[in-house]
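This report describes selected features of a multi-chain protein structure. The sequence and the structure are shown first.

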Amino acid sequence: MSSITGVLRPSVINIRWLVRYSGYIGFLVLAVYFSLSSPIFLTGENLINILRQSSILGIVACGFTAILISGGNHVIRGGIDLSLANNLAITTTATAFLLSKGYSLATAFGIAATGSLVIGLINAFTVVRLKVSPLLGTLAMMYLLQGIELLLSKTKVINVTNPALVFLAEEKLIGIPITVWVFFAVAFLLHILFSKSVYGNWANAVGGNPQAALNAGINVDLVLASTYVIAAVTAIVASLLVTARLSGSVPGMGDIMLLDILLAGYMSAIFSHLSIPNIQGAFLSSLFVGMLVNGFTLINVSTYWVYAIKGTLILLAVSVTATQQRRLD
Amino acid sequence: MLKSAAKQLFYPMASLRLGGNVVRYSTLVALLLVTVFFSIATAKFFTTANLTNILSQISLLTLVATGLCFAVASGGIDLSVAVAFDLGSMAAIMILKLGFGWYAAIAAALVTGALIGIFNSFLVLKARITMFLATLGTLFIGESIEKIVTTGGSSIYLPGMDEVFKFLGRGSLFVLQQTGGRIDLKFSVLLAIIVAGIGHFILSRTTFGRGLYALGSQQGVALLSGVPVSRYTTYALILCSSICAFAGLVSSSVLTAYVPLNGRYYLMDAIGAVFIGSTLHQKGFANIPGTLVGVLFYGIIANGLNLIGINFYWQSVARGLLIFVILALDSYRVNHVDRAHS
Amino acid sequence: MSETYILEMRKMQKKFPGVKALEQVTLQIRTAEIHGLVGENGAGKSTLMKILAGIYSPDEGEIIFCGQKQQSLTVRAVEKLGIHFIHQERQVVAHLTVAESLFLGIEPTFSLFKLLNRKSLEKEAETVIQKTIGYFIQGNKLMADLTVGEQQLLQICRALLHEPKVIVFDEPTAVLAKREADRLFEIIRELGKTISIIYISHYFGEILDLCDRITVLRNGTKVKTLSTQGLKIEDIVFMMSGRSIDEQFPEKNRKQGEVLLEVRNITDEGHFRNVSLTVRSGEIVGLTGLMGSGYNQVGTAIYGHTPITGGSIVFAGKALKSHTIEEAVALGIGYVPEDRRSLGVVQNMSVQENISLASLKALSRYGVIKLGDEQSKAEGLIDKLAIKTPGADAIAGFLSGGNQQKVVLAKWISRGANLYILNQPTAGVDVGAKAEIYALLHQMTKKGVGILLISQDIAELAGLSDRILVMYRGEIVHELDGNTHTGDDVVVAMMGGDQNEFDNRSA
């Protein structure tokens, strides 16, 4: 039995090393597998495709991970936001809906964005003030948003045309689409925020041990609430890009995205040697998911199989990091 | 002698004894208000025909919610009831298509449910994943299995059908044609009542039920008292999935088909119903009688809104709002009102 | 008063349901003194300190700090005043580094979003640590990788960064190795020259070594405050343990039957090594030690709750095979945990449901509980144990601590257990209920039950046990005869005293 503070014994090193770097190993293995299975995989155009496909997910995954970081991976009080995907969906739908009714992009998006922010604030309130468990509270919000989204979209695709949106979707800067740049920027900003700033230190402390953070004089409630708002902001940013990409909105988007967001969020812990959710990890797991979808499409694996694989990966990721965390406790 | 017998019969009901709890009262008051509202809003509501209709309409939800009760009683929540429902339905239809009889279909559905329950149990006990996330994973995996099998989500129909099987979902216990409407009490109502009744008995009167509540409430105490925590958790999960798989089977009888991803619809409402139910329990435990009230609540709202012509979309908003209020209230009660012991 | 006190807690009064925690306790601390606070568990030390920390508010009494009366202290206010606590349970964020943890909440930057320069932060951390306590700890080490002693040093550093006027140390050496403890003492002595220190500990040797004065509490009242000049350990023990008139211990001449429990050489790495003991029918065996000696892990290990590597446990002639709780319960062992509210009694369930929890099988037929039987059995036990409850169906969580403890005992009596492992059974229980529980335990042993009494309550151990096993740093080091040795002997033994001393004394 290894001691509590993780003194390494020679026989145990290899397993721990494996787990620590399992994220990177998995990433590499998958990349190699796809490169070998399809000649198109490693082409410049395809790689850009992967980046593009990962971008939307990546942006919201970073927001979701913010909640994971300060909410803690803890079994009982674990931070989570199940409504985030539907938040993205409804903001997109709202923007498209308003655009189709003749409002300008600025107005339409402005209203939708405000709505999204309100959702984030309600979530924050529910979790922090009403002390509803994040699981149940955001689950409820998820259902609520689902209902409202149905109302707006009436299960139909909404198509809009708008030059600004087209610009966003099509334009490239030195060969890389704007969407990807935005992804990089958001990931970079949040990374700096959570690992290099004072706020980040606080958020990590709150997630690791809220009692200790409270003792240190940190306003735990405020930190927690802010993460829900950050998540909403990422949803806002992403939704504009989605609206651009789809030239409108598509019903049922939230369902699909939920799985991906959860996966990217929980998998992020695998990329950290502490097995703690983190932004860089979210960045990498978003790419991982993008690569997964892209690769399997190239070798003609049905998306339903991919869905099943994603579900299994979530379970694996959670199980692995839970065991690691227990060692840390 | 008579007194003790009566007490034995009603003791489990006594748990529903209303204490001075505002939230508990408000649930029943809300139910009453809603009934009154719809009775006034439309003449079609408070007729025997319609009320019977409501009962028939809620029989599937009753089954799912009953199953879910076991999972919630164990201290967690089972989100995979949606796929237990779907896969149970799928198993039944496929067995029937292969030419076997109704008894085989039932067996197939129950076995499917049990397998899902075992899988969940493995995730929770061996992989140490919290029940919520574990069953969420199962939900995702299960739905993808459905999509794979049906290559995209198309329903599987059953042309000719076993008469008994057809009766399960579509048969009527009692039909009466009246001027006001047609009173049609479906057999599925009886099925639901029986299952709910058995479930209630198990939860409130057996050693298993008692141990389950103990471990769901404070696992440490149950563990130290010699309650077989792992075993009971597994049983609860298996029961939950199996009952929901059975519900799926009945639904495939109603629809004479297996409709993929149908289960999701029931998941949300079942959660709401179970949580409404727990507010009615003296100790705040998930329980069958309370859940039945919750199911009734949902049934009345769905039926009533339909009758007054509210479209499907507004209904979904209403249901979303409803569950939000329910969960907020329940958490509030747990964290603020019942602070007596901390 | 010619003394200038920096801190005065005057006539503190605090009552909890069923227990009077503090009764007219006055604590006065001078500037630049090291003041020891001594007393058994339940004597009121922690309640007093929690009031000082702003966690509890006193029913009566006033707190004066630096000459100013303080109204309604909050945790934040207390910190602002300059009073800091080094707690027993270190609240640590495992995955932060030393530097991040040290400056948590007080990061040396101006704005919230300012970037932390990792390298310079770590350098600064190392400098600060070196300066304030004279030791070197690497700035980028993870908190989880520090030893307990180092984590504690960091805690002290943090406190010092706030320029405190008073620091309270709560049992700081309980989990420290000797070398670390010595280091701590040096630091405290140095600090004591300029600031005031309240030092709480069960290690009286340390107290006499370090402190200028001490205050002794017993059963919620202050016994005395006096200088440590010329004071001896026996004097402290005498002041602490004086028997109160109410505490009656039933006489001990019990007939002892065959061996019920035989434990041989069990080990749990990190907690205890090679522990062997026996408990006979009708016997009460006390097991004690200081925190960190492993004494309270032995109980859970025997019960099957925590793992053991090596060794064997035999109960009533049957060897425990699978080492699980279920097996232990089936064989007739019952465990009464220390934390009764979270581990002993299901707060939300009724008294009746709690009492029957371990004996459901016996009270049921084909899996169905016979509610009538359950109720009558519960009522019988409520009567017999004098459990104060409005009824068998009352919610257990509303009962007082002492009554909840009785419910736990009732649970095992209902089961018919033959061996009871009691873990701090009367902690936080009021004097009246304590006496009742002691009488009950005596009754039980008369009927042939064997008891393993794990406790830190010296009077209880001495008063109840036929034999007392004392553990020190993971091993059983002494076995004292309950009839010839006194509580004072136990205390000395707990701190590693010499076996010869006892043998000489009892002669």
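## The six-stranded sheet of chain C

The model is predicted. In chain C, 6 strands form an open sheet with mixed pairing, in the order E16-E19-E20-E13-E21-E22. Strands E16 (333-336) and E22 (475-481) of chain C stand at the edges; each has a single partner strand, so one side of each is left without a neighbour in the sheet. From one strand to the next, the twist averages 20 degrees.

At one end of this order, strand E21 (residues 467-472) of chain C runs antiparallel to E22(C), and 6 bridges join the two. Within this pairing, Leu469(C) has Glu479(C) in E22(C) as its bridge partner. In a regular strand, side chains alternate between the two faces of the sheet.

## Helices lying across the sheet

Two helices of chain C are described here in relation to the strands. Helix H9 (residues 295-303) of chain C lies across E13 (284-289), E16, E19 (419-423), E20 (450-454) and E21 of chain C, and runs at about 140 degrees to E16(C). Helix H14 (residues 401-415) of chain C lies across E16 and E19 of chain C, running at about 170 degrees to E16(C).

H9(C) is largely enclosed by the rest of the structure, because 7 of its 9 residues are buried. Those buried residues are Tyr295(C), Val298(C), Gly299(C), Thr300(C), Ala301(C), Ile302(C) and Tyr303(C). After H9(C) comes Gly304(C), which has a positive phi near 95 degrees.

## The hairpin of E11 and E12 in chain C

Strand E11 (residues 259-268) of chain C is joined by 6 bridges to strand E12 (residues 272-280) of chain C, and the two run antiparallel. They form a hairpin with 3 residues between them, and in the turn Gly270(C) has a positive phi of about 95 degrees. Ile266(C) has Val275(C) in E12(C) as its bridge partner.

E11(C) also pairs with strand E14 (residues 312-315) of chain C, in the antiparallel sense and over 4 bridges. In this pairing, Glu262(C) stands opposite Val314(C) in E14(C).

## A helix pair in chain B

In chain B, helix H6 (residues 102-125) packs against helix H12 (residues 229-255) at an angle of about 145 degrees, and their axes are 7 Å apart. The crossing of H6(B) with H12(B) is right-handed. The residues of this contact comprise 14 nonpolar, 8 polar and no charged.

## Cysteines

Over all chains, the structure holds 0 disulfides. Cys62(A) counts as buried because its relative accessibility is 0%. Cys157(C) likewise counts as buried, at 0% relative accessibility.

## Non-glycine residues with positive phi

Which backbone angle of Asn300(A) is positive although this residue is not a glycine? Asn300(A) has a positive phi, of about 60 degrees. Its place is in the loop between helix H13 (279-298) and helix H14 (303-328) of chain A. With a relative accessible area of 69%, Asn300(A) is exposed, since the cut-off for that class is over 50%.

Glu171(C) is not a glycine either, and has a positive phi of about 45 degrees. This residue is found in the loop between strand E7 (166-170) and helix H6 (178-191) of chain C. Is Glu171(C) buried or exposed? Glu171(C) is buried, because its relative accessible area of 10% falls under 20%.

Key. Residues are numbered from 1 along each chain as its sequence is written. Chains are lettered from A and ligands numbered from 1 in the order in which they are written. This is a predicted model: local features need pLDDT of at least 70, side-chain atom pairs count only at pLDDT 80 or more; totals for chains, interfaces and linings use all residues. Side-chain values use heavy atoms; hydrogens and water are left out. Axes are lines fitted to C-alpha atoms, for helices over the stretch in contact, and angles run from 0 to 180 degrees between N-to-C directions. A crossing is left-handed if the near helix is turned anticlockwise from the far one by less than a right angle, and right-handed if clockwise. Ala, Val, Leu, Ile, Met, Phe, Trp, Tyr, Cys and Pro count as nonpolar, Asp, Glu, Lys and Arg as charged, and the others, Gly among them, as polar. A disulfide is a pair of cysteine sulfur atoms within 2.5 Å. Buried means under 20% relative accessible area, exposed over 50%, partly exposed in between (1.4 Å probe, protein chains only). Two strands pair if DSSP finds at least two bridges between them. Contact means heavy atoms within 4.5 Å.
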